[in-house]
Amino acid sequence: MSSSLATPTTVLITGGTYGIGLQLVKKLSARAHKVIVVARRAQGLALVAQTSPGPVIPYDCDLGDETALETTLASITAQHRDISIIINNAAMQYSMALTAP
């Protein structure tokens, strides 16, 4: 971790309920960082918040929904003015055939 993470700070992580995002949430919250997690699955968010070793604040939002995104960002910035780091880990998956029909 970089020196900017040497002292507890507020970190916002998108896509923090699975994979790399989840591991970042666990590691950073274990180091007493306040971690704001944005993801689209409420169940996954609740589980992350309950099982993380440190402070986690969940926000349920589908980042592909522009209206939901604007509403969620307004809420986050109104309640958490101390965000120091943003980790944009969320991904969108599109499936398509590799060959022409």
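S29 sits in helix α1, where helices are DSSP runs of H or I with at least four residues, strands are E runs of at least two, and both are numbered from the N terminus. This is a predicted model, in which local features need pLDDT of at least 70, side-chain atom pairs count only at pLDDT 80 or more, and totals for chains, interfaces and linings use all residues. Residues are numbered from 1 along each chain as its sequence is written, and side-chain values use heavy atoms, with hydrogens and water left out.

**Around S29**
- With a relative accessible area of 1%, S29 is buried (buried means under 20% relative accessible area, exposed over 50%, partly exposed in between, using a 1.4 Å probe and protein chains only).
- Leaving out residues up to four places away in sequence, S29 touches V35, S52, P53, G54, P55 and V56; contact here means heavy atoms within 4.5 Å.
- A polar atom of the S29 side chain lies 3.5 Å from the backbone nitrogen of G54.

**The sheet**
- Four strands make an open sheet, ordered β3-β2-β1-β4, with parallel pairing; two strands pair if DSSP finds at least two bridges between them.
- β3 (56–60) and β4 (83–88) are the edge strands, each with a single partner, so one side of each has no neighbour in the sheet.
- From one strand to the next, the twist averages 20° (axes are lines fitted to C-alpha atoms, for helices over the stretch in contact, and angles run from 0 to 180 degrees between N-to-C directions).
- β2 (residues 34–39) pairs with β3 in the parallel sense over five bridges, and V38 stands opposite Y59 in β3.
- β1 and β2 also pair in the parallel sense over five bridges, with I36 in β2 as the bridge partner of L12.
- Five of the six residues of β2 are buried, so the rest of the structure largely encloses this strand.

**Helices on the sheet**
- α1 (residues 19–30) lies across β1 (10–14), β2, β3 and β4, and runs at about 165° to β1.
- α3 (residues 66–79) lies across β1, β2, β3 and β4 as well, running at about 155° to β3.
- Where α3 starts, a side-chain oxygen of D65 comes to within 3.1 Å of the backbone nitrogen of T67.

**Nonpolar cores**
- The largest nonpolar core has twelve residues, including L5, V11, I13, L22, V25 and V48; such a core is a set of buried Ala, Val, Leu, Ile, Met, Phe, Trp, Tyr and Cys residues joined through side-chain atoms within 4.5 Å.
- β1, α1, β2 and α2 (42–51) each give two or more residues to this core.
- Another core, of six residues, lies apart from it, and L12, V38, C61 and I76 are among its members.
- V48 is in contact with G16, T17, L22, V25 and V56, leaving aside its neighbours within four places in sequence.

**D60 on β3**
- D60 lies in strand β3 and, at 46% relative accessibility, counts as partly exposed.
- Although 21 residues apart in sequence, D60 and A39 are 5.4 Å apart in space, C-alpha to C-alpha.
- Not counting residues up to four places away in sequence, D60 touches A39, R40, R41, A42, L45 and T72.

Methods: A polar contact is a pair of N or O atoms within 3.5 Å; within protein, one must be able to donate a hydrogen and the other to accept it, and residues adjacent in sequence count only if both atoms are side-chain atoms.
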